[in-house]
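Hi everyone, thanks for coming. Let me put the sequence and the model up on the screen, and then we'll walk through a few spots together.

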Amino acid sequence: MRMNQTPMENLNPDNDYVDGGADIENDGTGSDASSFLEAREPLLNLKSRTNTSSQIAVVGANVYPIESLDYEMIETDLFKQDWRSRKRVQIFQYIYLKWTLALLIGLCTGLVGFLNNLAVENIAGYKLVITGNLMSNNKYLPAFVAFGGINVVLAICAGALCAYVAPAAAGSGIPEVKAYLNGIDAHSILAPSTLFVKILGSILAVSAGLVVGKEGPMVHTGACIANLLGQGGSRKYGLTWKWLRYFKNDRDRRDLITCGAAAGVAAAFRAPVGGVLFALEEAATWWRSALLWRTFFTTAITTVVLRGLINFCRGGNCGLFGQGGLIMFDMHSSIPTYTNADLLAVVLIGVVGGLLGSLYNFFVDKVLRTYTFVNERGPSYRILLVTVISLLTSCFAYGLPWFAKCIPCPSGTGKECPKIGNLHCQPGHYNDLASLFLNTSDDAIRNLFSSEKGNELEISTLIIFFTGTYFLGIVTYGIAVPSGLFIPVILAGATYGRLVGRLLGSLSTLDLGLFAILGAASFLGGTMRMTVSLCVILLELTNNLLMLPLIMLVLLISKTVADSFNRGIYDQIVKMKRLPYLEAHAEPYMKHLAAGDVCSGPLITFSGIEKVGNIMHALEMTGHNGFPVVDEPPFTDAPELSGLVLRSHLLVLLNLKKFAENRAVCGGQALRRFDSFDFAKPGLGKGLKVGDLDLTMDEMEMYVDLHPITNSSPYMVVETMSLAKAAILFRQLALRHLCVIPKTPGRNPVVGILTRHDFMPEHVLGLHPELIHHK
């Protein structure tokens, strides 16, 4: 084992983690580094090259260590031999299983989406029936106690599940899925416990009347289902399937989780094409044509399952579910014929929607940072915060309608007067604000999107409802319950759009329902900064292709305006959670640096045939996840880079104890000793640790051949390549390690290793603060 340094490196023995450009793993201690480095520390400490970027992130409501994923194809001799030895039947089985898993993901996600909506509609429906009956008998105080009490109990149950069982289930889950598909893994973000709490907690939170959506959590739910199926079940809960061993790698899991995220959108909105485009535009970092087909197949299965189950419920077999739940707004009655004046109104909606959306993101960011101090104090404080927000929401929903005036019930439309909206109104009248607040989110959106005559909501009603939902959406997101952003944003946007339509009056020929759709689109574009996927989702929701030009225009304008102020809501949350997300573009200051300028030290290398004790010492001393393997004389004429070996593979190799007393190349013998599935990737935190190894002193003096488990073709760049070019290469190839080699001969064959942490601004600008003005 060798430790290589550049003249500029300062190897500080007091650092707990010494990052040699490789990933820092959770179990690395690094506290004994001083004894190992004492004799090798350079005489001149010119500049620190230790990577000090954060190795933890906020996941759900807790802080956990993070680890990078191995999306690269690991071409070791062992895996090459495994692929060469596979017969046609095994290859066919692998392909068949991929499509079978896509089918199962679609089926399970569709079923979960249906059951989720079925439970919400019935729980919330019976709550509203009880409240309405009490109000009909003029028992307004008992009605509020029942309404608020049920809401608080449901919210506390959801908060307790997230606080004690699965903290990773809190929030939307989309930022975590997005980070995972970018190559970042964290504790329990896709675990079975997270899946259980995500489903049950989302049902409870939405039924409690909180201004949250179940659509974001459905994306996380679909990803959890895909992960559970793809990794062959769960060892912890005794649910494993050996025939899924082919998928024990991060690359295949990534593809399945992409399918699961797309299926989650399809289950939430009944939008199969929108789900595929959401995965392509927002969730996935890497994409290819084969994945497009499989994702589309998954979303199609999900939609077919949903439609079949909904048809079953239309016969009155599902309690209060009926045709509700899965939001679908038929806008065929709205025929968008528009004039130049109407286009000006659409542009206005887009501009104001972009401004309101960017402001929404700003306030959400501030609230999330404030809630962090509460969440850090423990589970009881998280539940207390949930209780306070639930009481506040109940007071808003029940109290604000009292300030609205009563209007006559719609006549000539065949619709009954809303029973829950009568409040203090005389017979034949109802409270239109109560029909929005004292209702499920899906039905409130239907009322806002309605184009029927006689259903015009009052301007004062729209102003109050917009202010209430805008405020409640901001303060609710971030509490310890599963919560999506789609529904709060659609509610506020649709209200704002309908308000613009009422204010314009006869100046525009567009009907109010279309104004509500455009308002929702502008608000979605201003907060989430998606265009293509949102456009298709809204078209699939409204079932009216004629609105395509107007929705496209409003989305483009709102996104452009909002981008001038801040980033999209999910990008902001990813950054706030300190997830080392790799952007699609390189930062401007990276053009002024070369790859060798940010390599951290010390760089620890192994010989092709290494002493067991040296490997153990390196694993105990550092948390590195990748080590270069360098062949030296007498095995080669000069030192040459043989490849890269992973920490997880070293631990498995040492645990198998296939050692030799002399330094000799095992060759083909090693391929017969091991099975490639011995080195399959376990889930995060489930693999071997250094403490699990039990080696005697005699075994520590023996040797082991690393060639069979060494990736002989790692990606390499020359040290003079610009950091910007290296960053783009790193992201597009989905790498975990990128070897940096010298430009001139006669030096050590490897200069350093770049990981995602070496591209983070805090590391680069920490090494080169003079480049801050180029940021």
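Predicted model: local features only at pLDDT ≥ 70, side-chain atom pairs only at ≥ 80, totals over all residues.

Before we start, a word on names: helices (H or I, at least four residues) and strands (E, at least two) are DSSP runs, numbered from the N terminus.

Residues are numbered from 1 along each chain as its sequence is written, and side-chain values use heavy atoms, with hydrogens and water left out.

Now the overview. The protein has 26 helices and 16 strands. Of its 775 residues, 59% are buried, meaning under 20% relative accessible area, while exposed is over 50% and partly exposed is in between (1.4 Å probe, protein chains only).

Back to Thr258: is this residue buried or exposed? Thr258 counts as buried because its relative accessibility is 1%. Setting aside residues up to four places away in sequence, Thr258 touches Leu181, Ala279, Ala284, Trp287, Leu291 and Thr295, where contact means heavy atoms within 4.5 Å.

Let's follow one of those partners, Leu291. Leu291 is found in helix H10, residues 289–313, and is likewise buried, at 1% relative accessibility. Beyond its neighbours within four places in sequence, Leu291 is in contact with Asp255, Thr258, Cys259 and Trp286. Take Cys259: 32 residues separate it from Leu291 in sequence, yet their C-alpha atoms are 8.1 Å apart in space.

Next, how does H10 meet H3? Two packed helices are described by the angle between their axes and the distance between the axes. For H3 and H10, the axes come within 8 Å and cross at roughly 35°; axes here are lines fitted to C-alpha atoms, for helices over the stretch in contact, and angles run from 0 to 180 degrees between N-to-C directions. Residues making this contact include Trp99, Gly106 and Phe114 of H3, and Trp293, Phe297 and Ile301 of H10.

Which helix gives the largest share of the nonpolar patch? That is H3, residues 88–136, with three residues. Ile95 has its place in H3 and is partly exposed, because its relative accessible area is 43%.
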